[in-house]
There are 2 protein chains.
Amino acid sequence: MLEDKNPQRTSLEELGEFGLIDHLTQNFELHHPSSKMGIGDDAAVLDFKDKKTVVSTDMLVEGVHFDLSYTPLKHLGYKSVMVNLSDIYAMNAEATQVTVSIAVSNRFPLEALEEFYAGVALACKLYNVDLVGGDTTSSNKGMLISVTALGMAQEKDIVYRKGAKPNDLLVVTGDLGGAYLGLQVLEREKEVFKVNPESQPDLEPYSYIVERQLKPEARKDIVELLKKLEVKPTSMIDISDGLSSEILHLCKRSDVGCNLFEDKIPLDPTVISTSEEFQMDSTMIALSGGEDYELLFTIAQADFPKIKANPNLTVIGHITDKSEGAHLITRAETKIPLKAQGWNSF
Amino acid sequence: MLEDKNPQRTSLEELGEFGLIDHLTQNFELHHPSSKMGIGDDAAVLDFKDKKTVVSTDMLVEGVHFDLSYTPLKHLGYKSVMVNLSDIYAMNAEATQVTVSIAVSNRFPLEALEEFYAGVALACKLYNVDLVGGDTTSSNKGMLISVTALGMAQEKDIVYRKGAKPNDLLVVTGDLGGAYLGLQVLEREKEVFKVNPESQPDLEPYSYIVERQLKPEARKDIVELLKKLEVKPTSMIDISDGLSSEILHLCKRSDVGCNLFEDKIPLDPTVISTSEEFQMDSTMIALSGGEDYELLFTIAQADFPKIKANPNLTVIGHITDKSEGAHLITRAETKIPLKAQGWNSF
């Protein structure tokens, strides 16, 4: 949709590869004190002093991870950065730089890439990270994005997936299931649009969950909050593939089991009402729907007083001995083994 | 060709995304002292102590950067790592880690990805770098690879593109043009094969240049050699797009001009004979053919005695004042302005 609305179309061939990179990155400046050299040399140079370097990478593929018929390119640029920053925050680290590579077919005009980079720039600005590298190349078909995020942390502050202990509390940030349901709404409107191109979808009632899908926010604030509260989680992971899958990752790496309480899972009212509308079970959506980019972590029970009044944090269960397995305790108080039903691109 | 020869075909769906990553990376161990946490958490954790972090990233797209009809996947895995390490060495830094992400369509069996990762593993082993992350996802069409390389260096050792001064000597490693001509030979054999599938190409006379194309080596040895010789280049870049384009990058960043002498450009005998066979000018090939992954650098004249006897290093020109421009001095002693005619994917 976005592309067709754009009256200006400059072909990528006109600029060539170097001209394109220069053009797209000319307004990116280095702000973070750790960025010594950004774009313009063979490699970026970063100075993390006595801190450790933290690095994570992710790919987003058109038709697999996103659908350009309802994804504004600016949002896509923003989201591409977010999904990577989320991994850095899940280490309890500060995100500092990103590299963004993009492969696009010639059908994309320059103006489309400008939109994409405007989203990258906004994400960089709001999260105080610098774009320090990347590659721009052509693809045979569609768009593919690869982002690497870098961050830094004192060794003592880093939180791994490993480290959860029996009796630790299982805590989640924000609320779950919104991004997945937002995607269902967008897919439904796309089908309606196919049948009736004149239809004007009213997405207003779904604005929260549509935004969760199209423009997620990584939880930089939580890393800062935990520092302020003087809480160091015993283990942490970000929720990209659904709560169930992520809990199982923590349990596997930490060699523990857990009890997750269905009635504790935080759900936004829009998630509940839209689940009903789609005749889907909201718990299943929270457990298996992905892309919420919230953080899931465990803390020692002794730290509970520090977090208990915080509206951003919800205790949803506790860690058990490995022999007890990983279970969901339903509202009806039945115990169901947790299964990973997260998203699989293949 | 490779895929068809393979009797075993395991579909990617069978494994799913997590199973696939686990399977492909299970034999990768961490060897470099700076690798604290590799694959298996939200992000890798690296400890470069008092050194700076150096990072570079590149994408390789099927049908644009490589042709699987004549590129063995193991070589492709190897080359994907090399093109990125080359950027780290061009900073005069030590390469220490890579992340490797790959998007493939379902037409690739697991065994094809195993071949690719075998090449990645070989590159990691020979260059003493660790695979510490990556992503594996499906694509709608073909294969796309994104690699990020990380390295480290003392601040005082880092060499940028900027820094060349008038009268500095322009030095190149190895020899040039081989990778481009190797590609021409492979493309020719592909056409022959299309016409006559029974033909058995004799690539023996071209083995040097075909290997330059399919399995390039990044110049880790040069960084070590320069350290041993106690030479710090004043500027440096790796040659991925052809000598001409890279010289112009150095001149632009350093705000200088240069004279490049045609008769000094190092050419392998196979490059000379194959250029004649293809009725191409070998100088043009060295200037504009890409993918040699040699290093181009400048040194102060005072350092000349330290490098002069070294068979790996050839002085090909010198830096001039910016006002004199960048020129090629031909064998006939005519002066031609250097133009960037490097490769452009669009």
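Which residues is Asn310(A) in contact with, leaving aside its neighbours within four places in sequence? I looked this up in the model, which is a predicted one. The contacts are Leu225(A) and Leu229(A).

**Entry 1, Asn310(A).** I placed the residue first. Asn310(A) lies in the loop of chain A that runs between α11 (304–307) and β12 (313–320).

I turned to α4, which covers residues 110–127 of chain A and has 18 residues. From its first C-alpha to its last, the helix reaches 26 Å, close to the expected 26 Å at 1.5 Å a residue. I listed the buried residues of α4(A): Leu110(A), Glu111(A), Ala112(A), Leu113(A), Phe116(A), Tyr117(A), Gly119(A), Val120(A), Ala123(A), Cys124(A) and Tyr127(A). For reading such a list I kept in mind that residues three or four places apart point the same way, because an α-helix has 3.6 residues a turn. Just after the helix, I found Asn128(A) with a positive phi of about 55°.

One residue of α4 in chain A got a separate look: Glu111(A). Its relative accessibility is 9%, so Glu111(A) counts as buried. What does its side chain pair with? The side chain of Glu111(A) is joined to that of Thr10(A) by a polar contact of 2.6 Å. I also took the distance to Glu217(A), 106 residues away along the chain: the two C-alpha atoms are separated by 25 Å.

I noted that the size of an interface is often given as the accessible area lost when the parts come together. For chain A and chain B that buried area is about 5,400 Å², with 56% of it on carbon and sulfur atoms. I found 71 residues of chain A in contact with 71 residues of chain B.

How many salt bridges cross the interface of chain A and chain B? The rule finds six. I looked at the one between Arg161(B) and Asp41(A), where the closest N and O atoms are 3.9 Å apart. Across the interface of chain A and chain B, 24 residue pairs are in polar contact, both residues at pLDDT 80 or more. On the side of chain A that touches chain B, strand β3 (residues 52–61) gives the most, with nine residues. By class, I have that side down as 29 nonpolar, 23 polar and 19 charged residues.

Definitions and conventions: Residues numbered from 1 in each chain as written. Chains lettered and ligands numbered in written order. Predicted model: local features only at pLDDT ≥ 70, side-chain atom pairs only at ≥ 80, totals over all residues. Heavy atoms only, no water. Helix = DSSP H or I, 4+ residues; strand = E, 2+ residues; numbered from the N terminus. Expected span 1.5 Å × (residues − 1). Buried < 20%, exposed > 50% of the residue type's maximum accessible area, 1.4 Å probe, protein only. Contact = heavy atoms within 4.5 Å. Buried area = accessible area lost by both parts, 1.4 Å probe. Salt bridge = Lys/Arg side-chain N within 4 Å of Asp/Glu carboxyl O. Polar contact = N/O pair within 3.5 Å; in protein donor to acceptor, adjacent residues only side chain to side chain. Nonpolar A, V, L, I, M, F, W, Y, C, P; charged D, E, K, R; others polar.
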